Amino acid sequence: MSGVKTVKYGRGEAKITPIKTKGTYRVTYRDIAGKLIVAGEYKDFSKAEKKAIQIAKQIKYNWNPDDVRADTSYLLTLINEGNLTADDISALAKQKKKLVSKLTGEAAAKYIKEKSQQGNTTKYTRDVKRQIRYLCELHATVPMHQLNKSHYMSVLDSKPTWSLRSREKFVNDMKSFEKWALDQGYISERHSIKIMLPKKHKSKPHKVFTPEEFSKLLLNCKNEFIPWLVLAGFAGLRASEIMGSENNKTERSRALRWGDVYLDRKIPVIYVRPETSKTDRARIVKLHPTLVKWLKPYYDNADRDSIHGEERRGELIYPIGKPTAHTGDMPETQRLAKIIGKKFDNQLRKSSSSYLLSSTGDDESTAKQHGHSIGTMKSQYINPRFEEDSEEWYSLTPEKVGRKNLG
């Protein structure tokens, strides 16, 4: 048996390869997508040659889609002349694209840069960066085309305190990243994270603190902790808006300051700036008279005029900052949780929203004040019991609680 023989006829060609172990001759050719097709095996060389010539005559192209020198106009000519069969077109549609090799960390940097230049909101860009960072902290050196379900699951496994909503957010952001990577040619169409999360149950009204529990918190918490406690409990401000993060200088600089509090006006308010708000939208929060009584001693003693950036915004309301993303992990909240026998899980903000909505019945203004959607307010913050307790909740002044020496 001799070596491989190539049979050409016009634009087409086929090859005859001797299979020494079988004593046969194999006839092969490549389809329009460059895939190797075996046309048959023959013991007689003359029959193999006859088959190869027959195939070469039938092939009307010699175009390789993976060849960078491929001429698009030539392909169009083949189509217009009717020289591509339905099988050819089907094979071309199924061809595998050559993937561009790119490490996850490199792809992530490019993705974030593009997102930043697309005019997205600061909050959206910040959230995307955070989610991508979680992935890169563990898998920055893994090639994009090798990322699989186990890599994404390892990120979720490293965040046991995440809520179902946070896990869904991560998965959805990774799907967006994946779709972008597909367009860039870093992964194939069959690549998918396919993470199954638990089924989401219908929203139920949030669990809140009772007035008795809140009274114990106000009486027993440390003096410097009072502003956060009352701003969350009576005004519904988020912990991130009041405190920022102890470990993130940028987030700390965006936190609420005493210069944003206006107690001396006819209607006392707090101005939550866009950079302070979680939603990147400014809002005005009206302050209940009870909250004003709690804040006044601190307000009078605070520096409200020092320069921050280019404005007189004063000092931070809560200068310590959160050590972690979860308020319940703070030493002071853990101590207070033991006193009332209930863990902290953002209940102060939820309590404020629930009691305010129940006392006013105005879901639109309550939603605006707390930075919620109206749908969320209606589905999670309405409960007949809240209405009964709302009057008691807002009557918890320093005098009634028995708290002295504030500020």
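The paragraphs below lead through salt bridges, cavities and aromatic pairs in this predicted model.

Because the model is predicted, local features are described where pLDDT is at least 70 and side-chain atom pairs count only at pLDDT 80 or more, while totals for chains, interfaces and linings use all residues. Residues are numbered from 1 along each chain as its sequence is written, and side-chain values use heavy atoms, with hydrogens and water left out.

We begin with charged side chains. The structure holds 15 salt bridges, a salt bridge being a side-chain nitrogen of Lys or Arg within 4 Å of a carboxyl oxygen of Asp or Glu. One of them joins R130 and D127, with a distance of 2.6 Å from N to O. Both residues belong to helix α5 (residues 122-139), where they sit three residues apart, or about one turn of the helix; helices here are DSSP runs of H or I with at least four residues, strands are runs of E with at least two, and both are numbered from the N terminus. R130 is partly exposed at 29% relative accessibility, whereas D127, at 9%, is buried (buried means under 20% relative accessible area, exposed over 50%, and partly exposed in between, using a 1.4 Å probe and protein chains only).

A second salt bridge pairs D173 with K169, whose closest N and O atoms are 2.7 Å apart. These two residues stand four places apart in helix α7 (residues 164-184), and therefore about one helical turn separates them. D173 counts as buried because its relative accessibility is 13%, while K169 counts as partly exposed because its relative accessible area is 32%.

What does a salt bridge tie together when its partners are D260 and R313? The closest N and O atoms of this salt bridge are 2.7 Å apart. D260 lies in the loop between α11 (249-254) and β5 (261-262), and R313 in the loop between β9 (311-312) and α13 (331-340), so the pair ties together parts that are 53 residues apart in sequence. D260 is buried, with a relative accessible area of 0%, and R313 is buried as well, with 2%. Salt bridges with shared partners join D260, R273, E275 and R313 into one network.

We turn next to empty space inside the protein. Rolling a probe the size of a water molecule over the atoms shows where such space is left. A cavity is a set of points, on a 1 Å grid over the protein atoms alone, where a 1.4 Å probe fits but cannot get out, and its lining residues have an atom within 4 Å of a point. Grid points are joined across faces, edges and corners, and a volume is the space filled by probe spheres set on the points. By this search, the structure holds two cavities of 30 Å³ or more.

The largest cavity has a volume of about 70 Å³, and its lining includes W228, A232, F344 and R349. Helices α9 (226-235) and α14 (347-360) each supply at least two residues of this lining, with the largest share, three residues, coming from α14. By class, the lining of the largest cavity has six nonpolar, three polar and two charged residues, where Ala, Val, Leu, Ile, Met, Phe, Trp, Tyr, Cys and Pro count as nonpolar, Asp, Glu, Lys and Arg as charged, and the others, Gly among them, as polar.

The second largest cavity holds about 40 Å³ of space. Y111, Y124, V128, I132, D173 and S176 line this cavity, and α5 gives the most to the lining, with three residues. Four of the lining residues are nonpolar, one is polar and one is charged.

Finally, we come to the aromatic rings. A search of the whole structure finds 14 aromatic pairs; rings of Phe, Tyr and Trp (its six-membered ring) pair if their centres lie within 6.5 Å, and planes under 30 degrees apart count as stacked, over 60 as edge-to-face and the rest as tilted. Y111 and W180 form a tilted pair, 5.2 Å from centre to centre with 55° between the planes. Y111 lies in helix α4 (residues 104-116) and W180 in helix α7, so this pair ties together parts that are 69 residues apart in sequence. Both Y111 and W180 are buried.

F214 and W393, by contrast, form a stacked pair, 4.3 Å from centre to centre with 15° between the planes. This pair links distant parts of the chain, with F214 in helix α8 and W393 in helix α17 (residues 384-393), 179 residues apart. Both F214 and W393 are buried, and together with F234, Y355 and Y394 they form one aromatic cluster.

Methods
On a 1 Å grid over the protein atoms alone, a cavity is a set of points where a 1.4 Å probe fits but cannot get out, and a pocket is an open set with protein on both sides within 12 Å along at least five of seven lines; lining residues have an atom within 4 Å of a point.
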